[in-house]
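Let's take a walk through this structure together. Keep the sequence and the 3D view side by side as you read.

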Amino acid sequence: MHDQTNAGNFKVGQSLHGYVVRRVEPLATISCLMVALEHRNTGARHIHIAAPDAENTFGVVLKTVPQDSTGVAHILEHTVLCGSRRYPVRDPFFSMLKRSLSTFMNAFTASDWTMYPFSTQNRKDFYNLLDVYLDAVFFPRLDRLSFQQEGHRLAIQEGEERSAPGPLQLVRRGVVYNEMKGAMSSPDQVAVRSLLHALYPSSTYRFNSGGDPEQIPELTHDGLLAFHRRHYHPSNAYFYSYGDLPLAPLLETIDDRVLRRFDRIDPKTDVLAQPRWNAPVDAVYSYPMSRSEDPTRKHQATLAWLTADITDAYSMLALSLLELILLGNTASPLRKALIESGIGSSLSDGTGFSADYRDTLFAAGLKDVEKSAREQIPALIFDTLNGLINHGIDPQLVASAIHQIEFSRKEKTNQPYPYGLKLLIGIVGPWLHGGDPARVIELDSDLDRIRSETRREAFFENQLGRWLIDNPHRVRFLLEPDPLLEEARNRREAEALQRLLQSMSEEDLQRILQDSEALDALQKAPENLSVLPTLAIEDIPPTVADEPESYVAAETAATVYDRPTGGIVYLASALGAGGLPAELHPLVPFFCYCLPKIGTAKRGYVETAQRIDLYTGGIGLSAAARTRYAETGRCLPFVALNSKCLSRNVVPMFDLVRELATEPNFSDSERLERLLSEYRAGLESMIVHNGHRLAILLASRNFSAAAGYAENWSGVHQLRFIKDLVRRRDNEDPDALGRSLARISARLFSRNNLRLAVIGEEPALSGAVTETAGLLDALPLAAANGFAVPENDGAESVPREGWATSTAVSFVAKALAVPRMQAKEAAALALLSKLFRSLYLHREIREKGGAYGGLALYNAEEGIFSLASYRDPHILQTLQVYDGLVDFIEKGAFGESDVNEAKLQVCSDIDRPDPPGPAARKAFYRKLIGLTDVERNRFKQRVLAMTKDAVLDVARSTFIGSLKKGAVAVISSKTSLEAANARLQEAPLLLYEI
């Protein structure tokens, strides 16, 4: 057991820096040790997980239990990060992003908790961030102007937001206000929030913790302060640490900085269980959709149950396994019954088991259904569940589900969060509600009990009866599309603001003007950021992490990485897509989506899906387009095929890959039709969540061949292609799609078109190398080489476009072509992306403009520089902000200290750690494009050597004269785009419908 932190020396009952040790427990599953402590005076809890991991994580979690939908917890999360007692600067959180080598910094608001976590590999950085986080959470300034900036405020509007010419108009602004207007434009967000409102009518979960835009204006500054006093007290706090840092100094710091200044209180933040019903209920809610769409088949119908208490670890595990059995893959019986019914396109939003609440929930349903499905889907679900009870659940499904749990526990990844933070997110729900966090990690005893119960009785069939069939606390839920909803909301808002304006005195109007002027002055005022702690350039590692050692297997030319992967073997591969005929290019992403979900010549798709879950951690394909590092910068489009398995399953994993590669069955046109509907629904749901990324892809698409592929394969044009394909299906040969997919498969899977890597530990690694030989032998030789791509520099035109969809906010992007990574300007461009965001865009777009965020991104591989906004109330004003970068550059409004802070940010991105398996996989794909450690180190050294004058020279030569000519793409509502175009008369946007 790892003992570098001396955590193993702690004893139950021991006192230390005001704490008492309550528990010391080995976590054998992850080779760590858990120490649980309580602070004597305040009652604050602390869990430390001692681990042999230099990427240390800290978090403080508060139980935040809203009693309305004003978004008080969410707005408070933003506002505490606007200056504190020891760090009285406007935005210490964003300032620390520039002064740190953190691998993660953020804050989260959930339905009943708020979390402030960070991760870093640097010990000095850890304590810098700790100081800032503790002061922000427990001693924030919470001044009225920060509340207005982050939450909501009134302003007297001029310019683009005016709905009509004439006298004064009021407008409402605020970062959270605009963020939630965007969130509540998204059907999936509306579906889940509405489902909680229906299922928990007597609980805090009926409220929108993020904030309902129509109720956010009801929150007062005094209400915010009162919520902080009660909820942000150490007696309501749960501290967490993970990694190899010594625990005692950390406890001493927390006690000194925070805990010794407080006495224990009762925060009264316990969440009571939702009273259970004796009979089910019906519920109908609405979501906004575009008036140009047909609403007939755009409903969602779901059946949802209230299930186990989150502190019941055994039932939680049983329900997690039940979710995998019923819904986990295409072979799962409930998923299969729903999808194959033809009633809808894909599973409804919120489907599955959710353990995010005191009382957990289980839901199942379909989206893209007609209104009548409200009756059909519950009947179909109960028929399926009763059939399973009567005929029994296939033991293979149970074995697959248990294997998936086993695999996920064994694999260590840093996606989507650092591993230490993932552990915290996994335990936080049970921990806050009085459960045992160790049992969430240490599942062996509960798994053994379930295996034993399964051998003795119909265990999962009994769970079906208990939690689903015989459970009266359920909702028959319908989400209806309303093409007029957004318009009605906007009208209500405008009328309310007009009534408010008419009721105001001259003094009221003067107060609004004074507040606006005061906030503007605050946002412009220079600050003394020297009060914040910072790292120095000397704290940055001078080189990148060494490339994992590898060798090339003589018999297969596979790249082999012998790495400590914890008993997991990874297969990484690339199939050249450059030789595909042009008419097949748009189908490549759908081919990737459906290949693991179809059958083969040997077995149907149900058995294939079962075997994938039984023997692997997944088989996934994705369409990628990279640019070779060489001076020519030629495009390399390929399909990445990745799989992973426990060491004992190397042979069956390769058997599955070989079977899908050599004997895929694309002849089941009905199956392909269902997969196409699922795929389309997934693309449609990404628009509002990823609007900034989609806008960047649109603006960038003509600057390089790879950028063009990226947009066509994962952007708006992919969605348009798929929607058009679905429309054409009724008039086409039903087998034509299958034939096209078979042509793609035949072109991709040939012996000379496959590059392979295997990653793992001996002896399983040698077995994997042997299996690669079998895979290659099974593939035919082909004349075409998909890795030999003809030169293509992209299209000539520079787009200036607006794309309309149903959304209450905008996503505004601008892009231009710049030098690539090997150019002498590249290091400066990387630094400028950080400088533009932190010194200019954050202030102009977020603080002043009220958008959720403003971004500057340098794609060094492609040579593309992008600017983007996220959940933005503006279009024209944001485009003007982008053009204003020229003035920012000409003024040279940054110094050497700013450049050094940008170096910290760039190097933090470069040095972000990965566990051994994923790190080797990334190295393989870098090798594919010819990017070596020598070149990566050269780039990093250039970054570290940059001066302010050198950066400014590159800024002037690159952006002055070119920025205003950059490509523009805006995703917004049709109304907002048309209003913006009315003011862009000299250079209007070409408007399209998504």
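This is a predicted model: local features need pLDDT of at least 70, side-chain atom pairs count only at pLDDT 80 or more; totals for chains, interfaces and linings use all residues.

Residues are numbered from 1 along each chain as its sequence is written, and side-chain values use heavy atoms, with hydrogens and water left out.

Let's begin with the sheet. Six strands make up an open sheet with mixed pairing, in the order β18-β19-β23-β20-β22-β21. Helices (H or I, at least four residues) and strands (E, at least two) are DSSP runs, numbered from the N terminus, and two strands pair if DSSP finds at least two bridges between them. Which strands stand at the edges? They are β18 (551-552) and β21 (619-627); each has a single partner strand, so one side of each is left without a neighbour in the sheet. The strands β21 and β22 (residues 635-646) run antiparallel and are joined by 9 bridges. One of the bridge partners to look for is Cys635 in β22, which is paired with Thr627.

Helix α21 (residues 650-662) touches β20 (568-576), β21, β22 and β23 (754-760), and its direction makes about 145 degrees with that of β22. Helix α32 (residues 916-929) touches β18, β19 (559-562), β20, β21, β22 and β23, and the direction of α32 makes about 20 degrees with that of β20. Contact here means heavy atoms within 4.5 Å; axes are lines fitted to C-alpha atoms, for helices over the stretch in contact, and angles run from 0 to 180 degrees between N-to-C directions.

Now for the rings. How many aromatic pairs does the structure hold? There are 42, where rings of Phe, Tyr and Trp (its six-membered ring) pair if their centres lie within 6.5 Å, and planes under 30 degrees apart count as stacked, over 60 as edge-to-face and the rest as tilted. Phe58 and Phe126 form an edge-to-face pair, 6.4 Å centre to centre with 85 degrees between the planes. Phe58 lies in strand β5 (residues 56-63) and Phe126 in helix α3 (residues 123-138), so the pair ties together parts that are 68 residues apart in sequence. Phe58 is buried at 0% relative accessibility, and Phe126 is buried with a relative accessible area of 1%; buried means under 20% relative accessible area, exposed over 50%, and partly exposed in between (1.4 Å probe, protein chains only). Phe590 and Tyr679 form a tilted pair, with 5.6 Å between centres and 50 degrees between the planes. That pair links distant parts of the chain, with Phe590 in helix α19 (residues 588-594) and Tyr679 in helix α22 (residues 669-685), 89 residues apart. Phe590 is buried at 0%, and Tyr679 also counts as buried, at 10% relative accessibility.

Ring pairs also build a cluster, whose members include Phe58, Phe93, Phe126, Tyr133 and Phe262. Elsewhere, the charged end of Lys597 sits over the ring of Tyr593, 4.1 Å from its centre; a charge sits over a ring if NZ of Lys or CZ of Arg is within 6 Å of the ring centre and within 35 degrees of the ring normal.

Ser972, in strand β28 (residues 967-972), is buried with a relative accessible area of 1%. The side chains of Ser972 and Ser810 are joined by a polar contact of 2.7 Å. A polar contact is a pair of N or O atoms within 3.5 Å; within protein, one must be able to donate a hydrogen and the other to accept it, and residues adjacent in sequence count only if both atoms are side-chain atoms. Gln523 belongs to helix α18 (residues 506-524) and is buried at 3% relative accessible area; the side chain of Gln523 makes a polar contact of 3.0 Å with that of Gln149. Asn208 sits in the loop between α6 (187-199) and α7 (221-231), and is buried with a relative accessible area of 7%. A polar atom of the Asn208 side chain lies 3.0 Å from the backbone nitrogen of Gly210.
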